[in-house]
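Open the structure in your viewer and keep the selection tool ready. The stops below can be taken in order.

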Amino acid sequence: MGASADTGTDSAGVDSAGVDSAGVDAAETDVVVVGGGQAGLAAGYFLRRAKARFVVLDDRAEPGGAWGDYWDSLRLFSPAAHSPLPGWWMPEEPGREFPSARHVTDYLAEYERRYELPVRRPVAVKEVRRAGDRLEADTTAGTWRARHVISATGTWCRPYTPDVPGRELFEGRQLHTVEYRHSEDFAGQRVVVVGGGNSAAQILAELSEVAHTTWLTRRPPRLMPDDVDGRVLFEVATRRALGTADGDVGSLGDIVMVPSVRRARDRGVLKAQPMAERLTRTGVAWADGSELAADAIVWCTGFRPVLDHLAPLEPFDADGRIPLDGARSLREPRLHLLGYGDWTGPASATLIGAGRAAKAAVARIAEDLGTGRSRNR
Ligand code: FAD
């Protein structure tokens, strides 16, 4: 990856005794991090600084987490300089103000190397359970025992599609964001894009160049002004968390006018219609009896957190949520959750927000372990 820019302020001290490399593959460690995407790496950075023994277990063959699966034309909603993980700024991508997903994947791969993070892949964690005074991660590569577990498994592997009546009747193609790669497959077709967020807007924008598109949303989509990008939304998320946000200032779900979306608006195709009531054999239908024929429906309808591996710990409440104090589970204080959304820290699902949430979580773990920057091992 091209030229890098060190912050110069936040070295993880890779030459320190932060990780005992001989001990990393041992079954016993201080902290197991489940998931090696941006959230898991941010945790790794601070665990190294805290001189904890740890391992990051990731079920993919390659670095990058979900970024490796995003569609070809996806662009970040913030410039590189505003999308750093802790310690090392993301380099600019030549010729692009808003970097591509491929650029982020390269950045995360380089980040792992730079800080010599002990990521083991592909290793899938099947379940995390209690084992006396330890937690045990049962994996496809053996069992790790640890004093703390950080779960950072993201949401990408659990796509959500709403239960709209008639879904089984539709004879065209249905796919979720996770299956979409590029627009050429849909050339000349009638495509319905469902969803009011950034994924829907970006996919609609490029599909509309080759297909006849219709955009359906449950609520009118909120388009940010052209000069507002993810930086501002991150600041808003922070102010909200601090209780100092005033008025209708936008949120991380609002649509950022990256160049492709701007062009789609200027071509007049960025107009949403209310969500249909049901699907039919040939398309979609509304309550007033009107219908629209379609060849394909793209569900850009979001994700749910990947938490099945935590079931043996019974961390869930009656509503299926995990009650937290910061990132720490109230029902199992040795369990910490990072990166799933604002509920695990303001903007914690963004590159820039992942670091702040990880820093706070690791500080608590280090306190419990009795480790810290001054600890000699
Ligand atoms: P992931 O990247 O999903 O990483 C989790 C890792 O854990 C994966 O490798 C997964 O395979 C692995 N895993 C899962 N279960 C297990 C298991 N049981 N055992 C072992 N490993 C496991 N953010 C920004 O900051 N800027 C943007 O511009 C931006 N644009 C986005 C656009 C789209 C369309 C989407 C969907 C998201 C965007 N985001 C953006 C958000 C960001 O990409 C995600 O929030 C982020 O990738 C999540 O990182 P993560 O580390 O939490 O999860």
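Is Glu116 buried, partly exposed or exposed? Select Glu116: at 48% relative accessibility, this residue counts as partly exposed. Buried means under 20% relative accessible area, exposed means over 50%, and partly exposed lies in between, with a 1.4 Å probe and protein chains only.

Before going on, note that this is a predicted model, in which local features need pLDDT of at least 70 and side-chain atom pairs count only at pLDDT 80 or more, while totals for chains, interfaces and linings use all residues. Residues are numbered from 1 along each chain as its sequence is written, and side-chain values use heavy atoms, with hydrogens and water left out.

**Backbone stops**

Stay on Glu116, which sits in the loop between helix H2 (101-114) and strand E5. Helices (H or I, at least four residues) and strands (E, at least two) are DSSP runs, numbered from the N terminus. Most residues other than glycine have a negative phi, and most peptide bonds are trans. Glu116 has a positive phi, near 45°.

Next select Lys51, in the loop between helix H1 (38-49) and strand E3 (54-57). Its phi is near 60°, again a positive value in a residue other than glycine. Lys51 counts as buried, because its relative accessibility is 15%.

Now pick Arg121 and Pro122 together. The peptide bond from Arg121 to Pro122 is cis, with omega near -5°. Pro122 belongs to the loop between strand E5 (119-120) and strand E6 (125-131).

**The ligand**

How many residues surround the ligand? There are 32, and the closest are Asp58, Asp59, Tyr70, Phe77 and Ala349; a residue is counted if one of its heavy atoms lies within 4 Å. This shell divides into 19 nonpolar, 10 polar and 3 charged residues. Here Ala, Val, Leu, Ile, Met, Phe, Trp, Tyr, Cys and Pro count as nonpolar, Asp, Glu, Lys and Arg as charged, and the others, Gly among them, as polar.

- Tyr70: a polar side-chain atom lies 2.7 Å from a ligand oxygen.
- Ala66: a backbone N or O atom lies 2.9 Å from a ligand oxygen.
- Leu351: a backbone N or O atom lies 2.7 Å from a ligand oxygen.

On its own the ligand has 980 Å² of accessible area, and the protein covers 91% of that. Such areas come from the Shrake-Rupley method with a 1.4 Å probe.

**Helix H6**

Leu351 leads on to helix H6, residues 351-369. H6 has 19 residues and reaches 27 Å from its first C-alpha to its last, close to the 27 Å expected at 1.5 Å a residue; the expected span is 1.5 Å times one less than the number of residues. Colour its buried residues, including Leu351, Ala354, Ala358, Ala361, Ile365 and Leu369. Just after H6, Gly370 takes a positive phi of about 80°.

**A sheet and a last loop**

Select strands E13, E14 and E15, which form an open antiparallel sheet in that order. The edge strands, E13 (278-279) and E15 (291-293), each pair on one side only. Two strands pair if DSSP finds at least two bridges between them; E14 (residues 283-285) and E15 are joined by 3. Across this pair, Gly283 stands opposite Ala293.

Finish at Met257, in the loop between helix H4 (230-242) and helix H5 (259-266). Met257 is buried, with a relative accessible area of 2%.

Key:
Polar contact = N/O pair within 3.5 Å; in protein donor to acceptor, adjacent residues only side chain to side chain.
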